[in-house]
Amino acid sequence: EREVVPLRQLGVDIVLVLDLSSSMNMQDMRPDEPVRRIDAARQRAEQFAAAREADRVGLVVFGRYAELRCPPTLDERALAAFLRVCDTYPENSEFDATAIGTGLAKAVQVLRKSEAKSKVVVLLSDGENNVREILPEEAAKLAVDAGVRVHTIGLGSG
């Protein structure tokens, strides 16, 4: 007789929050060759997720609005596929903005349902918040209240 064992017991639930504003097109990530910020962020996110064997990793993207592209999963190949098709929003389009607070709040909403002992958001952005619906400070408070740790990675030179 077989016993059903949960797939993971000690894993962390992590949501990557990726900025898709048009400024992420700037090619200032390497001094020796032009690399767009978005490409560097995607590559780093993919490497990070592949190294997290016992942890579930998900993806939220944002510009003016935030959306869940991949719920937290152990399948890093699925996450990598979602990351590879992420690209920046067209400059001056209705989606082109940097709503850091909205992106962070969406990730906290996703992690609220998690039963993992540890919940983490990794925010990848190059800019300052320029959307006032949910301020980053308000989203940070939501994270604290939900027991979610937030790490930020700034992209770009300067």
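**Close-up 1. Contacts of Ser21 in the predicted model.** Beyond its neighbours within four places in sequence, Ser21 is in contact with Phe62, Thr88, Asp96, Ala97, Thr98 and Asp126. With Thr98, the side chain of Ser21 makes a polar contact of 3.4 Å. Ser21 sits in the loop between strand 1 (12–19) and helix 1 (37–51). Its relative accessible area is 2%, so Ser21 counts as buried.

**Close-up 2. The salt bridge between Arg56 and Asp13.** The structure holds eleven salt bridges, and this view shows one of them. The closest N and O atoms of Arg56 and Asp13 are 2.8 Å apart. The pair links distant parts of the chain: Arg56 belongs to strand 2 (residues 56–62), Asp13 to strand 1, and 43 residues separate them. Asp13 is buried, at 0% relative accessibility. Arg56 is partly exposed, at 24%.

**Close-up 3. The salt bridge between Arg84 and Glu46.** Here the closest N and O atoms are 3.2 Å apart. This pair also links distant parts of the chain, with Arg84 in helix 2 (residues 76–84) and Glu46 in helix 1, 38 residues apart. Arg84 is exposed, at 53% relative accessibility. Glu46 is partly exposed, with a relative accessible area of 27%.

**Close-up 4. A salt-bridge network around Arg36, Asp39, Arg42 and Asp87.** Salt bridges with shared partners join these four residues into one network. Within it, Arg36 pairs with Asp39, their closest N and O atoms lying 2.9 Å apart. Arg36 has a relative accessible area of 18%; the cut-off for buried is under 20%, so Arg36 counts as buried. Asp39, at 25%, is partly exposed.

Notes
Residues are numbered from 1 along each chain as its sequence is written. This is a predicted model: local features need pLDDT of at least 70, side-chain atom pairs count only at pLDDT 80 or more; totals for chains, interfaces and linings use all residues. Side-chain values use heavy atoms; hydrogens and water are left out. Helices (H or I, at least four residues) and strands (E, at least two) are DSSP runs, numbered from the N terminus. Buried means under 20% relative accessible area, exposed over 50%, partly exposed in between (1.4 Å probe, protein chains only). A polar contact is a pair of N or O atoms within 3.5 Å; within protein, one must be able to donate a hydrogen and the other to accept it, and residues adjacent in sequence count only if both atoms are side-chain atoms. Contact means heavy atoms within 4.5 Å. A salt bridge is a side-chain nitrogen of Lys or Arg within 4 Å of a carboxyl oxygen of Asp or Glu.
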